[in-house]
Amino acid sequence: MSVTPIRAGIVPASPSLDAREAACLAALEKKVLWLASWTIHNANHIRPKRDGLKVGGHQASCASVVQIMTALYFHVLKPQDRVAVKPHASPVFHAIQYMLGHQDRDQMERFRALGGAQSYPSRTKDSDDVDFSTGSVGLGVAMTSFTALVQDYLDMKAMLPEGQKPGRMIALVGDAELDEGNIYEALLESWKHQIRNVWWVIDYNRQSLDSVVSDELFGRIEGFFEAVGWDVTVLKYGKKQEAAFAQAGGEELRTWIDACPNDLYSALCFKGGAAWREHLENVFARGSATGKLIGQYDNDGLHALMTNLAGHDIESLVEAFDAVDDDRPRCFLAYTIKGSGLPLAGHKDNHAGLMSPEQMESFRKKMGVAPGAEWDRFAGLDIDRGELESYLSSVAFAQRHPRRHAAPRIAVPATLTVGGATTLSTQEAFGRILNEIARNDDELARHIVTASPDVTVSTNLGPWVNRRHLFDRRDRDDVFQTEKVMSAQTWTKSRQGQHIELGIAENNLFLLLASLGLAHSLFGTRLLPVGTLYDPFIARGLDALNYACYQDARFMLVATPSGVSLAPEGGAHQSIYTPLIGIGQPGLSAYEPAYADELAAIMRWGFETMQADDGGSVYLRLTTRPIEQPKRDITETLAGDVLAGGYWLAEPAADAEIAIACSGAVVPEALAALDRIKEDIPGAGLLVVTSAERLLEGWHGARRQRRAGRDPGVSHVERLLARLPGHGGLVTVLDGHPATLSWLAGVGRHKTQSLGVENFGQSADLEDIYRAAGIDAEAIVDAAARLCLTS
Ligand SMILES: Cc1ncc(C[n+]2csc(CCOP(=O)(O)OP(=O)(O)O)c2C)c(N)n1
Ligand SMILES: [Mg+2]
C-alpha cells in the first residue's frame with residue numbers, strides 16, 4: 001500500500017488556539033524570524049561599513065527563541081508583565097515591537113549603529129520599551145526574581161498605584177546562562193523570600209557560545225529549581241512529535257530521542273532530512289514498527305518532525321503558558337534548536353555565525369519576501385493583511401504603550417540631623433542620621449527601604465531596623481525579645497517592615513538595589529533604596545553594580561568599613577582601589593566624607609539626586625574610625641562646596657608653598673601634619689576632598705564644554721586650587737589608592753607627592769598600619785619637605 005508522505009508545514013488542528021489565532025501566530029513567527037535575521041544581515045552586509053570591524057549579531061540564538069517570544073508577546077503577556085530577554089535575542093525583541101508598531105524602521109536599519117537599536121536590549125538606550133537591560137549573562141535573569149520581591153514589597157504595603165495588578169516577572173534565559181553562579185545565589189534568596197510571579201523560560205538549545213552543553217543537564221536543572229520550591233515544566237516534544245509517538249513504533253522513537261546525545265542531535269539537525277533518515281534507518285529496521293513510521297515521512301517531513309521540539313511549537317508553548325493559574329515561581333525548560341529554521345541550525349559553531357549573502361538570498365525566497373520588501377511588515381505572509389492587522393491591534397501586551405510609569409517625587413527635608421557628638425565615625429553618623437529619619441515617620445522615612453547582605457548590624461543599620469523592622473510576607477516576632485533575652489537589636493518581621501535582609505551574596509544586593517531603584521519606572525511608586533556592605537566586597541558584585549547603573553537604577557550605596565582604617569579588624573577586609581571604582585563608574589557619584597555634618601549634607605542631596613531626571617546613584621565610602629568633629633554650622637556655601645567635592649579647611653595664604661589635600665578617615669593625620677608644617681610654612685593650607693569623583697567630573701565637564709565652544713566658567717576644583725600659588729606643592733593623602741587624588745596636580749600644574757595605600761593584608765592598630773602604609777602625619781610632613789626641597 002502506498003502512503004502519501006507526510007510533508008513539513010502541516011499544522012495540526014489546535015485545541016488551545018482557534019484557527020484564526022493559530023494562523024496569525026504562525027504568520028508572526030515566520031515574520032519575526034525573518035525580521036530578526038534580516039536586521040542582523042542588513043547591519044553586516046547591506047549597511048556601508050567604515051572601519052573594517054565586524055558588526056556581528058546572533059542569528060542562530062535569535063532563531064532559537066522566536067516561537068517562545070512569539071507565543072509570549074503576542075498571546076500570553078499583559079502590559080503589567082515585565083520581561084528580561086536573553087541578550088543576544090535583542091533583534092527578536094525589536095522585531096516584535098516593530099510588528100506591534102512600537103519600533104521604527106530607522107532604528108532597525110541602524111541596529112548596532114550609533115543611536116540605533118542596541119546589540120543587547122537596553123532600558124536606557126533603546127527606544128522601544130525594554131523592561132530590563134541584559135548583556136552580562138545571568139544578571140537580567142536574576143533581576144526578575146528581585147523585581148518580583150520589590151513588587152511584593154509594594155503590593156503588601158498597598159503602595160502600588162490604585163488599580164494596578166501585579167505582573168509576572170519573566171526571564172527568557174539562554175541555557176548557558178545557568179552556568180553563572182549569580183543565578184544560584186538569586187534562586188536561594190528567592191526561596192528565602194518566597195517570591196511569586198516569576199517565570200524563567202529556559203531556551204534549552206543545549207548550546208552555549210563555544211559548544212554543545214553536557215548531556216542530561218536538564219536533570220540537574222530541574223533539581224536546582226525544585227530544591228528551592230519552584231515548579232518546573234519541561235517542554236520537550238512538539239505536537240507533531242506527540243502525534244507520531246502515539247502511532248505504532250512511536251514510543252521507540254521517543255526513547256531514541258531521549259537517549260540521543262546532545263551533540264549528535266545537533267549535528268543531525270544541521271544536516272537535515274536525508275541524514276536523519278540514514279541515521280534512523282541504521283537504528284530501526286525498515287520492517288519494524290518504528291521503521292515503518294519513519295517511512296511515512298519524506299525527507300523534509302522527517303526533518304520537520306525531528307526538529308519539532310516543544311520550544312518551537314507555538315501550540316505546545318501556548319498550552320503550557322496558558323495552563324498556569326497560580327503565582328508560584330516557575331521554570332519552563334523549553335527544548336529548542338539553536339538556529340532553528342535557518343541553515344545554521346544545530347551547528348556547534350553557530351553562535352556568532354551569520355548567514356552568507358547566498359544563504360540569505362535563498363532564505364528570502366523561502367520566506368516569500370520580494371526584493372525591496374525586506375522591511376515590509378506583511379510581505380510574504382499567507383494571511384490576509386487586514387486579518388493580521390486586526391489581530392495585532394488586539395494583542396493584550398500592546399494595549400498600554402509605553403508601559404513605563406512616572407512616580408511623584410518624595411519630599412526631602414531641608415536638613416538631616418546627626419545629633420551632637422564630639423567624636424564620631426562616619427559609619428556611626430550614618431546610623432544616627434537614618435535613625436533620626438526613622439523617628440520622623442515622614443514621607444522620606446516611608447519611602448526609604450534598606451537592604452544588606454548579612455551586615456546590617458555591623459554597618460550600623462541597626463537603629464533604623466529597630467524602628468522600621470524587617471520586611472517579610474509572614475509576621476514574625478523577635479523571639480529573643482519575647483523571651484526577654486537582652487539584645488540591642490529588634491529583629492521583628494512583617495509586611496510593613498522596611499529592611500530587606502539578604503544572605504551574604506553581594507551580587508544579590510546590587511541586583512536588589514537595581515530593582516528597588518527602578519520601582520518608580522517599573523511600578524509607579526518611588527522607593528529610595530539604601531544598601532550597605534563592607535567596602536572591599538563591592539568588588540564581589542562589581543558587574544552587578546555596573547549593571548544597576550547601566551539601567552539608571554537609583555540607590556544609595558553605603559560601604560563601610562573601608563580602607564586600612566579598620567586596622568585590627570583584618571587585612572583581608574581592607575579596601576584600596578574602591579575610590580577608583582567610584583571615579584570610574586558612570587551613573588554613580590562617589591563621596592568619602594571626613595565629618596558627620598558633611599555626611600548629613602551629602603545624604604540629603606543624595607535623596608534628591610536619586611529622584612532627579614538627570615540625577616543618579618550615590619556611593620558613600622565610610623569608616624569606623626571615630627574622629628573629633630569640628631564645631632561649626634554647615635552654611636549654604638560650605639554645603640555647596642562639600643557637594644561639589646571639597647573645601648579648604650585651612651585656607652592657604654597667598655604665598656603658601658605647601659598645601660595638603662586629604663580625604664576621609666586620615667583628616668586627623670593631615671591636621672597634625674599641617675600643625676607641624678606651619679612651624680616652617682605658616683601659610684600652608686588643608687583641602688578636604690569630600691569627593692574626588694565630583695571634582696574630577698566637574699573639571700572634565702568644564703573641559704568638555706570648552707571644547708564645544710561654550711563657557712562653563714571655572715570648575716570647582718580649578719577654583720579651589722587657584723588658591724595655591726603656581727610654585728606651591730600639593731601633598732595628597734587618603735586611605736585608598738593614591739591615584740584617587742594624584743590627578744589634582746594636573747589641575748593647577750602643581751608639583752605633588754601623592755600618598756595612599758598600595759599594599760594590603762596586614763592587621764595592626766591604627767598607628768602601625770598608617771605608618772606602614774605611609775599615610776601617617778610623619779609621612780605627610782616628609783612628603784611636604786621633599787616638595788619644598790625640589791622648589
Ligand atoms: C557574563 C558574560 N560572560 C560572557 C558573555 C559572552 N557570551 C555571550 S552569549 C554567551 C553564551 C550564551 O549561550 P546561551 O546562554 O546558551 O545562549 P544561546 O545563544 O545558546 O541561546 C556568552 C558566553 C556574556 N555576554 N556575559
Ligand atoms: Mg544555549
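Ala 158 sits in the loop between α5 (139-156) and β2. Its phi is near 55 degrees, a positive value in a residue other than glycine. The model described here is a predicted one.

Asp 454 is another residue that has a positive phi without being a glycine, here about 65 degrees. Asp 454 belongs to the loop between β7 (448-453) and α19 (462-468). With 46% relative accessibility, Asp 454 is classed as partly exposed.

## The magnesium site

Which residues coordinate the magnesium ion (ligand 2)? They are Asp 175 through OD, Asn 205 through OD1 and Gln 207 through O, at 1.9 to 2.2 Å. Along the sequence, these donor residues follow the spacing D-x29-N-x1-Q. Asp 175 lies in the loop between β2 (169-174) and α6 (181-192), and Asn 205 in the loop between β3 (198-204) and α7 (217-227), so the pair ties together parts that are 30 residues apart in sequence. Asp 175 and Asn 205 are both buried.

## Around ligand 1

There are 18 residues around ligand 1, and Ser 61, Lys 86, Asp 175, Gln 207 and Lys 338 come nearest. The shell is made up of three nonpolar, nine polar and six charged residues.

Two of the magnesium donors, Asp 175 and Gln 207, also have atoms close to ligand 1 in the following list of distances. An N or O atom in the side chain of Asp 175 is 2.5 Å from an oxygen atom of ligand 1. From Gln 207, a backbone N or O atom lies 2.8 Å from an oxygen atom of the ligand. For Ser 61, a polar side-chain atom is 2.6 Å from an oxygen atom of ligand 1. Ligand 1 taken alone exposes 590 Å², and the protein buries 76% of that.

## Helix α17

Helix α17 covers residues 426-440. At 1.5 Å a residue, its 15 residues should span 21 Å, and the end C-alpha atoms are 21 Å apart, which agrees.

The buried residues in α17 are Thr 426, Gln 427, Ala 429, Phe 430, Gly 431, Ile 433, Leu 434, Asn 435, Ile 437 and Ala 438. An α-helix has 3.6 residues a turn, so residues three or four places apart point the same way. Just after α17, Asp 441 takes a positive phi of about 50 degrees.

## A buried lysine and an exposed isoleucine

Is Lys 239 buried or exposed? Lys 239 is buried, with a relative accessible area of 16%. Lys 239 is part of helix α8 (residues 239-245). Its side chain and that of Glu 319 are joined by a polar contact of 2.9 Å.

Ile 504, in contrast, is exposed, with a relative accessible area of 60%. Ile 504 is placed in the loop between β10 (499-502) and α21 (506-516). The C-alpha atoms of Ile 504 and Pro 453 are separated by 4.6 Å, although the two residues are 51 residues apart along the chain.

## Cis peptide bonds

The peptide bond from His 401 to Pro 402 is cis, with omega near -5 degrees. Pro 402 is in the loop between α16 (385-394) and β6 (423-424).

Thr 560 and Pro 561 are also joined by a cis peptide bond, with omega about 0 degrees. Pro 561 lies in the loop between β12 (556-559) and α24 (578-584).

Key. Residues numbered from 1 in each chain as written. Chains lettered and ligands numbered in written order. Predicted model: local features only at pLDDT ≥ 70, side-chain atom pairs only at ≥ 80, totals over all residues. Heavy atoms only, no water. Donors = N, O, S within 2.8 Å, 3.2 Å for Na, K, Ca; no water. Helix = DSSP H or I, 4+ residues; strand = E, 2+ residues; numbered from the N terminus. Buried < 20%, exposed > 50% of the residue type's maximum accessible area, 1.4 Å probe, protein only. Expected span 1.5 Å × (residues − 1). Near = heavy atom within 4 Å. Polar contact = N/O pair within 3.5 Å; in protein donor to acceptor, adjacent residues only side chain to side chain. Areas by Shrake-Rupley, 256 points an atom, 1.4 Å probe, with all protein chains shown as cover. Nonpolar A, V, L, I, M, F, W, Y, C, P; charged D, E, K, R; others polar.
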